[in-house]
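Please open the structure in your viewer and keep the selection tool at hand. We will go from stop to stop, selecting a few residues each time.

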Amino acid sequence: MATNPNGSKAYLFSIVLVAVLGGLLFGYDTAVISGAERGLQAFFTGAEDFAYTDFLHGLTSSSALLGCILGSALSGLAAARFGRKRSLFFAGICFFLSAAGSYCPEFLFFEKGVPTASLLVAFNLYRILGGIGVGMASAICPMYIAELAPADKRGKLVSWNQFAIIFGQLVVYFVNFVILGDHIAPEMESLAEGINRIVNSAELATDANWSVTTGWRLMFVSECGPAGLFTILILLVPETPRYLAMTGRDDRALSVLSRINGEAKAAEILSEIKATTAEKKDKLLSFGFAVIFIGIMLSVFQQAVGINAVLYYAPRIFDSMDLGDPMVQTVMMGVINISFTLVAIFTVEKLGRKPLLITGSLGMAVGALGVALSDILPNLPGIIGVMSVMVYSASFMFSWGPICWVLISEIFPNTIRGAAVAVAVAAQWISNFVVSSTFVPLYDWSPAFTYGLYCAFCIIAAVFVWKIVPETKGKTLEEMTELWKPRNQITNK
């Protein structure tokens, strides 16, 4: 097949477009809980065989993250053994089955609409299954894009994956808003008492009761559409040339590289790939502990700053500020998030990774401090708290949101990338679970302390990036080997 001497941008774009659908599902699956969690909480509060406490609700709202930890931990093995493409196909299957199962966790085994401890377990298992898909997609989608993209476009293209994540969150915020419609969110005080009395009665079709029996189910099942589309389309894209080269399929790798970069450049890139992969199959710590530590800490800080506590519980936070419809404000936040993610996409190759991370960390610190002060000083107008949340979220979206994924996808040498990315992303999801599962009890105890803690982590993150993280702008993936060789703790004779 004849190829464009300079490569085909349309071909590269079409492949990346399919890959970022995985990012969209990542955002959709993790944020769908924001609209569903109050109805879900009211539903299980009506159980007679156990007490559905705030602690259990925190675990249920965050249970998908347990799957994320497992999926990300397995992603390195899956990507190395089965390839990036097949692993993403498996992730798509997990997304679809989780959405359908969360819609009707009673399927085959339980009575419809009757909350029990066993049904809670089944629901959480379906959410964990979806989390496995998220965990795998979160690690492999950026890796897939990075291994296909030319060096001068890599940062921008991997950042589009973050755009897709935020777009997925915006889509699900809007979908949740439409599904809720004229129905009101459940008031826990009124629904906690005697909800079982009104099960199967006409009252359930109205107002808050509808969101308890039906609304949250529709929110979860709405994911089946994009999940099915991603699962089909991923079969149509090629495997990455770096994986093909590492598994001895040089001709196929050269063909993919030629369509993206042109024949002359493709031969040069393949030669560089073969040089780094032929040296040896490196163990995880072959380039020293520093590169692994940096990857892990980037992941930890991305979550320790508390962003997902905002994304998962946005309606609850805005409702507590008593300044209009919290679902409308949540959708507005989603629009702002999209806008500021575009800032990162169009500046990451010009400004570099470190300046964006440091600036974003400081902006988040200001926003988190504003939320804390809104709680400490109750006479402050509610708009201060709402705007502080917006500043906090927007600062994350042009910095830690996309740039952390860019760095994780590119900072590791070729020969350890799969395993190293898996370790870093697993650390990210563990941190995410800790932050998300503790947010509700911490926030109920003291919003000021909670956001003050996040503010402190933002400042520490800025110092960490400034002092320790290397700049990787403009470097090829093969040059990462040279970047870390001086730090290598293992002497290769």
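Are Y392 and Y451 buried or exposed? Select the two together: Y392 is buried, and so is Y451, where buried means under 20% relative accessible area, exposed over 50% and partly exposed in between, with a 1.4 Å probe and protein chains only. The model is predicted, so local features need pLDDT of at least 70 and side-chain atom pairs count only at 80 or more, while totals for chains, interfaces and linings use all residues. Residues are numbered from 1 along each chain as its sequence is written, and side-chain values use heavy atoms, leaving out hydrogens and water.

Next, consider aromatic pairs, in which ring centres of Phe, Tyr or Trp (its six-membered ring) lie within 6.5 Å, with planes under 30 degrees apart called stacked, over 60 edge-to-face and the rest tilted. By this rule the count comes to 19 aromatic pairs. Select F123 and W216, an edge-to-face pair with 5.9 Å from centre to centre and 85° between the planes. F123 lies in helix α4 (residues 117-148) and W216 in helix α7 (residues 207-221), so the pair ties together parts 93 residues apart in sequence; helices are DSSP runs of H or I with at least four residues, numbered from the N terminus. F123 is buried at 0% relative accessible area, and W216 is buried at 1%.

Finally, select K354 in helix α15 (residues 353-376) and then W466, which is 112 residues away in sequence but 7.1 Å away in space, C-alpha to C-alpha.

Definitions and conventions
Helix = DSSP H or I, 4+ residues; strand = E, 2+ residues; numbered from the N terminus.
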